[in-house]
Amino acid sequence: STKSRVEFEKHCVRAGGMSLAPPAPTLPRFCTIGSFVEHISSVDADIDERIWNPEVMAYESGNLAAVWAPFRAKVNGVVDHVGVELFVLHKLNGEWKVTGLADSSRRPTEEERLTLG
């Protein structure tokens, strides 16, 4: 929610890829993590996105992991969209970094607006 370029870069690789499927009728978008960071850091709205119940899979003897988790996104204090996110991580220089991200989302039901708020 801070939209800090520095915080993003602590956890992500700018050259990593993103595939974002927002609620219809908006078409899917494809970009680098770096271009997404530049865009989102300039957005004037208050954005609060949360995940829960992450499913983590890691290749124990390697440097690859994936996280699948449901999420909700609030824009200016209102639940705007809900869905799932998939993070791809690689261990680089001993630290896990997000190298890819995909999501798929939809508009929330009225119940979700209340319970996920």
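Q: What is the volume of the largest pocket?
A: This is a predicted model, in which local features need pLDDT of at least 70, side-chain atom pairs count only at pLDDT 80 or more, and totals for chains, interfaces and linings use all residues. Residues are numbered from 1 along each chain as its sequence is written, and side-chain values use heavy atoms, with hydrogens and water left out. On a 1 Å grid over the protein atoms alone, a pocket is an open set of points where a 1.4 Å probe fits, with protein on both sides within 12 Å along at least five of seven lines. Points are joined across faces, edges and corners, and the space filled by probe spheres set on them gives the largest pocket a volume of about 1200 Å³.

Q: Which residues lie nearest the centre of the largest pocket?
A: Lining residues have an atom within 4 Å of a pocket point. The largest pocket has 37 of them. Those nearest its centre are Phe8, Phe36, Ile40, Glu49 and Glu85.

Q: Which element gives the largest share of the lining of the largest pocket?
A: Elements are DSSP runs numbered from the N terminus: helices (H or I, at least four residues) and strands (E, at least two). Those that give two or more residues to this lining are α1 (5-11), β1, α2, β3, β5, β6 and β7. The largest share, five residues, comes from β6.

Q: How many residues in the lining of the largest pocket are nonpolar, polar and charged?
A: Ala, Val, Leu, Ile, Met, Phe, Trp, Tyr, Cys and Pro count as nonpolar, Asp, Glu, Lys and Arg as charged, and the others, Gly among them, as polar. By these classes, the lining has 20 nonpolar, eight polar and nine charged residues.

Q: Which residues does Leu20 touch, not counting residues up to four places away in sequence?
A: Leu20 belongs to the largest nonpolar core. Contact means heavy atoms within 4.5 Å. By that rule, Leu20 touches Pro28, Arg29, Phe36, Leu101 and Asp103.

Q: Is Arg29 buried, exposed or partly exposed?
A: Arg29 is found in strand β2. Leaving aside neighbours within four places in sequence, Arg29 is in contact with Met18, Ser19 and Leu20. Buried means under 20% relative accessible area, exposed over 50%, and partly exposed in between (1.4 Å probe, protein chains only). At 41%, Arg29 is partly exposed.

Q: With which side chain does the side chain of Thr99 make a polar contact?
A: Thr99 lies in strand β7. A polar contact is a pair of N or O atoms within 3.5 Å; within protein, one must be able to donate a hydrogen and the other to accept it, and residues adjacent in sequence count only if both atoms are side-chain atoms. At 2.8 Å, the partner of Thr99 is His90.

Q: Is Asp48 buried or exposed?
A: Asp48 is found in strand β3. Its side chain makes a polar contact with the side chain of Arg50 (2.9 Å). Leaving aside neighbours within four places in sequence, Asp48 is also in contact with Ser1, Arg72, Ala73 and Lys74. At 15% relative accessibility, Asp48 is buried.

Q: Where is Asn53 found?
A: Most residues other than glycine have a negative phi. Phi of Asn53 is near 45 degrees, a positive value. Asn53 is exposed, with a relative accessible area of 59%. Its place is the loop between β3 (47-51) and β4 (55-58).

Q: What is the phi of Asn76?
A: Asn76 is found in the loop between β5 and β6. Asn76 counts as exposed, at 52% relative accessibility. Although not a glycine, Asn76 has a positive phi, about 55 degrees.

Q: What is the omega of the peptide bond from Ala24 to Pro25?
A: Pro25 is found in the loop between β1 and β2 (29-32). Most peptide bonds are trans. The bond from Ala24 to Pro25 is cis, with omega near 10 degrees.

Key
A nonpolar core is a set of buried Ala, Val, Leu, Ile, Met, Phe, Trp, Tyr and Cys residues joined through side-chain atoms within 4.5 Å.
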